[in-house]
Amino acid sequence: MANHFKVKEFYLEDYEATLFPMETCRLLVERSNESLSSYIEKIANPKEKEFCFLPQETVYACKAKHHLRRTMKLDPVAEYFLYEMTYKNRKIFKKSGSERRENFGYRFFEGKPIPIHQSYSDFVVRANELKAQFDYFIKFDISAYFNSIYHHDITNWFSAQKPTQSDMEMFGRFMREINSGFSIDFLPHGIYPSKMLGSHFLSFMDDSELLRCEHLIRFMDDYMIFSNSKDTLIRDFQVIQKGLGQKSLNINSDKTVLFSDGPALIEEKVDEIKQGIKEKIYIGSGSGMDQEDYVESVRELSKEETDYLISLMDEDLATDYEASLILDCIHEHGDSFAQYAPDFIYRFPHLAKRVFHKCSNVEDKEGLSDGLINLVRDSHTLNEHQLFWISKIVESYLLSTSGVGSLLALLYEHKDATNISKAKILEIPELRFGMPEWREVHLKNGSSGWLAWASAVGMRNDTKQARNYLMGYFSKVSPMNKLIGDCIVSL
């Protein structure tokens, strides 16, 4: 059995980095992780026929250029299972044993998951070292990788790592039941355990003796192969495509880079702006000073410079990295981020999560709240990802603003709202604006799903009497409701 404290620690370290971090899951893992583990044991017990993994809610996160990433938002039991299972079997996820075939990230080191930002930085540094060492490289990734993995392929891979028989059976059952038996498009995106599974599943290609290139590095499904021979690279590129094709995986042709990088035009323009706002400020010279003295300062961006940076993100060639670079520059060197934040969320939906994190030090919270009200009320359309992260901004930073009640209602009743975006609102433990009544509808209508679960968690700051009363109705509906209701009653 896995160490409950360590699994909880693993989960909480990853929580804010996930695509749809729900307080409902966090609270259950933090306060009732042993109950979650017991629930999973009942699923494994053939005598407990009432217990199983539930089919999961489909959600859509944003990618660059208005593409959507289809995945699942796992319920508390399914989410905890994946962290517990991968932690228990963490020795499976090893660093490559070959100096010439390196994989980066998504494993444990000294009992801790490797921080992904650091690992990706190591990958980039290594890529630059190898570019200097070899004449040519090919860079490529797998198209819709997580959505394309075949259930039986990853189950067979996991079995080959020699876990216990019970873990192997539960792993297969989990993959089957969360997707209602559909054999592809089942592996959740954006959470560390899934990334570990997805990353190490691809090791079959790294280990192939058919490859002749001098060096290969990989970060998840991002590959780079290096050689002093173009012919060797072309041959290996085709070998890899054939090997991946045996698993029904295909290369993303639009992102393939052959032999050398193109010019980083947008990055160069951002650098020009950043250099332009550096100034030398004269301090002065006087008695005892041999020369004039200056200090380097960085002035704030002008409106014209900010507008120019935003216009760069309209260019068709702007990558995720370049868009993030522009956002960082405006945040770090401007005083009007609150003014631009709603526009960023609307025009560049894939940056909504980054905007959320950068709102932590926004001083003009009233201005940010007003801007988001206008955005939610007046926009032609907002997708699930945008609505979710706007709700996170409200929950984390704007509950004391004057217009927050109106903003919460607009988000909850929005024409594009989904179960998950509404659940994000319902789990906020707010007692004003009629929100207890919003939750009561879902707690007393006999339902078991995200709207009911989030409503229960949203009662965590209510009086014990109120909690006990409504949890009595709620908990009778299903084993999952009882698990969540018992947690809320115990607070």
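D206 is buried, at a relative accessible area of 2%, where buried means under 20% relative accessible area, exposed over 50% and partly exposed in between (1.4 Å probe, protein chains only). The model is predicted, so local features need pLDDT of at least 70 and side-chain atom pairs count only at pLDDT 80 or more, while totals for chains, interfaces and linings use all residues. Residues are numbered from 1 along each chain as its sequence is written, and side-chain values use heavy atoms, with hydrogens and water left out.

**Overall make-up**

- The protein has 23 helices and 11 strands; helices (H or I, at least four residues) and strands (E, at least two) are DSSP runs, numbered from the N terminus.
- Of the 491 residues in the protein, 52% are buried.
- Contact means heavy atoms within 4.5 Å. Among contacts between residues at least 6 apart in sequence, 72% join residues at least 24 apart.

**Salt bridges**

- Side chains of opposite charge can pair when their charged atoms come close. A salt bridge is counted when a side-chain nitrogen of Lys or Arg is within 4 Å of a carboxyl oxygen of Asp or Glu.
- The whole structure contains 23 salt bridges.
- D206 pairs with R218 in a salt bridge, and the closest N and O atoms are 2.7 Å apart. R218 lies in strand β7 (residues 215-219) and D206 in helix α9 (residues 203-206), so the pair ties together parts that are 12 residues apart in sequence. R218 is also buried, at 0% relative accessibility.
- Salt bridges that share partners join K6, E9, E13 and K112 into one network.
- E129 and R126 form a salt bridge with the closest N and O atoms 3.0 Å apart. Both residues are in helix α4 (residues 116-133), where a spacing of 3 residues separates them by about one helical turn. E129 is partly exposed, at 42% relative accessibility.
- R173 and E177 form a salt bridge, with 2.9 Å between the closest N and O atoms. The two residues are 4 apart in helix α7 (residues 165-177), about one turn of the helix.

**Helix α16 against helix α17**

- Axes are lines fitted to C-alpha atoms, for helices over the stretch in contact, and angles run from 0 to 180 degrees between N-to-C directions.
- The axes of α16 (residues 365-378) and α17 (residues 384-398) come within 11 Å and cross at roughly 155°. α16 is therefore roughly antiparallel to α17; angles under 35 degrees count as roughly parallel, over 145 as roughly antiparallel, 65 to 115 as roughly perpendicular and the rest as oblique.
- The crossing of α16 and α17 is left-handed, meaning that the near helix is turned anticlockwise from the far one by less than a right angle, whereas clockwise would be right-handed.
- From α16, residues K365, L368, S369, L372, L375 and V376 meet I390, I393, Y397 and L398 of α17.
- The contact of α16 with α17 has 8 nonpolar, 1 polar and 1 charged residues. Ala, Val, Leu, Ile, Met, Phe, Trp, Tyr, Cys and Pro count as nonpolar, Asp, Glu, Lys and Arg as charged, and the others, Gly among them, as polar.

**Helix α2 against helix α21**

- The axes of α2 (residues 23-44) and α21 (residues 450-457) come within 9 Å, crossing at roughly 60°. The two helices are therefore oblique to each other.
- The crossing of α2 and α21 is left-handed.
- E23, T24, C25 and L27 of α2 make the contact with W450, W453, A454 and V457 of α21.
- By class, the contact of α2 with α21 divides into 6 nonpolar, 1 polar and 1 charged residues.
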